[in-house]
Amino acid sequence: MVHSMRRFFSLKAILAIVVTVLSVFVVVKVHRIDKHLSSLARGTKGFSPSNIMCEFPHNPAWEVAANDDQITLVNMMTQQPFRWLNKGYQACAFESGDGEYVIKFFNQQRLREKPFLEKPLEYLFNEKFRVKASLTQKHREEIFSSSKLAYEVFPEESGFVFVHLNRTEDLFRGIKLIDMKGQVHKVRPDATSFIIQKKATYVLPTLTVLMKEGNVEGAKKRLDQIFDLLLSLAKKGVTDSDYALIRNNNIGFTKDRAIYIDTGHITKNPNLDIRKQMDYEFKRRLKPLYEWIRFSYPDLAQYYDMRRHDILTHLTDHLADEETKTLATAAK
Ligand SMILES: Nc1ncnc2c1ncn2[C@@H]1O[C@H](COP(=O)(O)OP(=O)(O)O)[C@@H](O)[C@H]1O
Ligand SMILES: [Mg+2]
């Protein structure tokens, strides 16, 4: 009798455990489905100023020096409304009315650390979420420091006109943003992290237009501008860990040069081997561009080949000269 009671209780206990586990499983699943649905809805909801409000405490590492003239310039530029242009993973971009500039706001929701109490289920049961949460801070530091670097070390190559990362008080006038649905939002730039950059055109469409117009010289010039950009960054010891240079529109053209549109994965590397770096650029990151040119405009590809050869040979000769000089100085 006692034995069968024990069996009954243990059966009950097992049932209770199974029901509890199943309930937790259902709650977690429902929560995930809900999250997925709300993220789908967010995609079509459009732009929301609340996503770009910076709520981080002041961080001296993100301080970018700005004098009165620069602030006046920004306030002049932002008197015109800015229209929705595009968004990436980190930022959303709006284009100035005169088509000359882009203002990019970092999506702060993606950078915000989520406290345990806000997402207890995710912290407890979602391994992916935990890993992502621990990477958020690193990611924030990476994109903020690369923006600062782009503005301070290579403003020409990035086309950056202004960078503002920490919140400020009353430096800037309100700016009118027109989102993808034509809705107007008045935003206080002081409360956001933003970049003002020259507006660029994308590489493949620009080359296509030139070649269709029969402007081969123009297309060659544009290719030279891409090589100059990469060479100039290599000389400054700046590298980009984003592999997709052309596909993601990471570079583009302003009126008279190529610029780096997306600086989010850029870092500075002391002692960078310029020749090796350029070799890598040609072999890996520029390869899709080269293949496209070879397929679409074989004559232009010949020019590309010639320039690649010149650049790499020049760098090899230059390095050999430097080595000889170093040896000569050491022998003295
Ligand atoms: N200066 C610019 N000129 C033209 N388009 C731009 C410019 N800056 C951003 N964009 C557009 O906005 C998108 C997102 O900007 P990007 O700097 O790449 O941010 P993310 O880091 O989020 O990818 C780009 O892929 C591009 O289409
Ligand atoms: Mg991008």
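Which residues have the most contacts inside the largest nonpolar core? They are Ile-103, Phe-105, Ile-196, Leu-229, Ile-251 and Ile-259, in a core of 53 residues. A nonpolar core here means a set of buried Ala, Val, Leu, Ile, Met, Phe, Trp, Tyr and Cys residues joined through C-beta atoms within 7 Å. The largest share of this core, seven residues, comes from helix H8. Domain 1 (46–198) and domain 2 (201–331) both give residues to this core, so the core lies between them; the domain bounds come from an automatic or database domain assignment.

Before going further, some housekeeping. This is a predicted model, where local features need pLDDT of at least 70 and side-chain atom pairs count only at pLDDT 80 or more, while totals for chains, interfaces and linings use all residues. Residues are numbered from 1 along each chain as its sequence is written, and chains are lettered from A and ligands numbered from 1 in the order in which they are written.

**Helix H8.** This helix covers residues 216–235. Helices (H or I, at least four residues) and strands (E, at least two) are DSSP runs, numbered from the N terminus. H8 buries Ala-219, Leu-223, Ile-226, Leu-229, Leu-230, Leu-233 and Ala-234. These cover an arc of only 135° around the axis, which puts them on the same side of H8; the arc is that of the directions from the helix axis to the C-beta atoms. Over on the other side, Glu-217 and Lys-235 are exposed. After the helix comes Gly-237, with a positive phi near 75°.

**Around ligand 1.** The shell has 18 residues, the closest being Asn-86, Gly-88, Gln-90, Ala-93 and Asp-262; to be in it, a residue needs its C-beta atom, placed from the backbone, within 6 Å of the ligand. Strands E1 (82–87), E2 (91–96) and E3 (101–106) each supply at least two of the shell residues, and E1 gives the most, with three.

**Burial, residue by residue.** A residue is buried if 20 or more other C-beta atoms lie within 10 Å of its own, exposed if 12 or fewer, and partly exposed in between, with C-beta atoms placed from the backbone.

| Residue | Other C-beta atoms within 10 Å | Class |
|---|---|---|
| Ile-251 | 23 | buried |
| Gly-174 | 13 | partly exposed |
| Asp-170 | 7 | exposed |
| Asn-271 | 5 | exposed |

Ile-251 sits in strand E10 (residues 251–253). Its C-alpha is 4.9 Å from that of Ile-261, ten residues away in sequence. Gly-174 belongs to the loop between strand E4 (160–164) and strand E5 (175–178), and Asp-170 is in the loop between E4 and E5 too.

**Positive phi.** Most residues other than glycine have a negative phi. Asp-170 is not a glycine, yet has a positive phi of about 55°. Asn-271, also not a glycine, has a positive phi near 60°; look for Asn-271 in the loop between strand E12 (266–268) and helix H9 (274–285).

Notes
Expected span 1.5 Å × (residues − 1).
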